[in-house]
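Please keep the sequence and the coordinates at hand while reading.

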Amino acid sequence: MRSLLFIFTVSFVVAVAFWAYHENYKTQAALDKVDHLQQQIGIKRERLAVLRAEWAYLNRPDRLRDLADLNFDRLGLLPFSADQFGVLTDVPKTTDLAVLELNGIVDVSSAGAKQ
Amino acid sequence: MIRTPLRPLARILEARQKGENPDAIERENLRIRHEQMRDKARQRAESRLLLLGIMFFCAFAVIGARMSMLAIADPVEPRTHAAGSKIVSQRADIVDRGGRLLATNMETHSLYAHPHQMIEPVAAAKSLAEIFPDLDEERLLKDFTGKRTFVWVKRKISPEQKQAVHDIGEPGLLFGPREMRLYPNGQLAGHILGGTKFGEEGVDAAEIVGIAGVEKTFDAELRDPAREGAPLELSLDLTIQSTLEQVLHGGMVLMNAKGAAAVLMDVHTGEVIAMSSMPDFDPNHRPRPLTQGDASDSPLFNRAVQGVYELGSTFKVFAIAQALELGLLNPSTVVDVRGPVVWGKHKIRDFHNYGKELSVTEILVKSSNIGTARIAQMIGVERQKDFLGKLGMFVPTPIETSEARTGHPLLPKNWSELSAMTISFGHGLSTTPMHLAAGYAAIANGGRLVTPTLLKQSGPALGERLVSEETARLTRAMLRLVVSHPVGTANLAEIPGYQVAGKTGTADKYKAAGGGYHDKKVITTFAGMFPANKPKYVIVVTLDEPVETSGDEPRRTAGWTAVPVAAEVIRRVAPLLGLRPDFEPLQMAGITLASQ
């Protein structure tokens, strides 16, 4: 009876120790993963900041104005003026919106858009 | 416990029989009892001491164990709750009211040298001078071959330049990470943003310090880590700022002016939507301040908030509004305008002879100095001072650029009745265009003072009441006539679709060296508000030494110089501000849907 109890106790201690080590390693692995992810987040943030700066640089009003001037024959863009305001009744009623086909959709950032 | 008697009867009797002293027995028993009591006390004290000892041992053991654990453990960051997502750049971004970037940070590199680690200093200096044409080869060679062990070569280099330097293959040339401030829009809003420089420098990082504009005013806020990178939102609108700068620059060139300034302000909130001063500069490459000559000739000088000028007849509005408020007159009251008005050895004249008398409205529309001087006499020195003081005309504007603090208005030393008269038509008191814009905003919004600000506001920020709603309305109606009446001085500001109200001002420049006024150098100003029936925005355009030369003879009055520029600004900016024109738009020829 006594030796049985002894064996049982020892095996219990071994099992608990195994479990504890296992949990410890799992925790360490999770922490390493967190570290790695945070590093990745940092890199992405840096990249995002650069992209935002680049977006702002490419969309600076001076450049857009020059581009509008350069492409005037194709786009015909002029500064916004008072006679471009219309009233709602000027807009012809459309019956079938599904006719509008979208093609060549480009994803753009909305970071600079007005909220 | 049974208490043993000190004199047990059996032993006493026995001792008496033997003829012994029974007291000896009592003493003996007493001694034994004392010994027992002493033993007991000692035992208790010993056990207490033991307990205390154990406690102390445990406490010291715990401290000792913790100390040794700390000593043998490797120092690591608390990783489980490190808020990695909050690690952001050292200086917050600056954005406009729509969230568009005005200033941000970029990762870049600095280049430094350890001459003692260099293998071929001569070749390195030669290659560096080729990569960076602005570096002096001689100087570099002197630094590399001298006794110095550390030399800064370049504070900021681009990735291409870094690669080129890397390709030299010199082990003594080293790179450090560097964060730099970037203004992606270049010159745009340069005066407002100001600029930065590197503060404390190390090899691994450098502090970015704001040196002018909002960068300096909000330096501490921008660097505060508690912001967690939240951008600083300005009241500016990038599109409108850009349009204003473009038109103002064009106007300055057309009118042959040496400088120009413009302010566009929301009349209810005091928010500055756009502000420009020409010539301007690129905050990415801030020019050096002038070491000699007039500071106002430097592009760094912000005419809109730093430059104090006599803004001429634009000030007449304040005298007339005050007289209306005081009930001294109404718009149709007739005032004697026979001149010249003589006060001591000074004479006040009008630009033209306006005959015997004019109504108050006509005085404003035709801009009569004599008429306004008479009104100022009615108001009196003290009340005028009080009114202009309330408008903030005696202190620098509270606008949040660091330069604004230096825009001290120039007041007459002795505010005599003559001063009161000349100030009523804008001579003798020098203020910045920003002061004027804030003053006009008070009339435009119905008589409440506003504080000009560069920060985005969440709602109207109306201050103390200056004049009544009714006075403000009457004044605005008169200002509207200045523009809409065919003989009004600002009739060139009449633009289709938008009703503009405003006033011109032409003032001779005083000689910087003293000794009176220049003959042919003027400051022309237009201060206006639109839409006139319910103003939302105030605009002030000031040109420095303009000459309009399209006619037979050069014209220098504001009506021919500042007004056309301001009109063009309003024409371009009003649709962008979302203001609907108040005429029926023309039927557009055949709108067809793209889908059809």
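This is a predicted model: local features need pLDDT of at least 70, side-chain atom pairs count only at pLDDT 80 or more; totals for chains, interfaces and linings use all residues.

Helices, counted when they span at least four residues, and strands, counted from at least two, are DSSP runs numbered from the N terminus. Chain A holds three helices and zero strands, and its elements follow the order α-α-α from the N terminus on. Of the 115 residues in chain A, 3% are buried.

Attention now turns to the nonpolar cores. In soluble globular proteins, nonpolar side chains tend to be buried together. Here the largest nonpolar core comprises 130 residues. Within this core, the residues with the most contacts are A262(B), L264(B), V538(B), A566(B) and V569(B). Apart from that core lies another, made up of 11 residues, including L128(B), L140(B), F144(B) and V165(B).

When neighbours within four places in sequence are set aside, V538(B) is in contact with M265(B), V267(B), A437(B), Y440(B), A441(B), A444(B) and M529(B).

Is E170(B) buried or exposed? Because 21 other C-beta atoms lie within 10 Å, E170(B) is buried; the cut-off for this class is 20 or more. Leaving out neighbours within four places in sequence, the contacts of E170(B) are M118(B), I119(B), E120(B) and A124(B). Between E170(B) and D134(B) there is a separation of 36 residues in sequence and of 20 Å in space, taken from C-alpha to C-alpha.

Methods: Residues are numbered from 1 along each chain as its sequence is written. Chains are lettered from A and ligands numbered from 1 in the order in which they are written. A residue is buried if 20 or more other C-beta atoms lie within 10 Å of its own, exposed if 12 or fewer, and partly exposed in between; C-beta atoms are placed from the backbone. A nonpolar core is a set of buried Ala, Val, Leu, Ile, Met, Phe, Trp, Tyr and Cys residues joined through C-beta atoms within 7 Å. Two residues are in contact if their C-beta atoms, placed from the backbone, lie within 7 Å.
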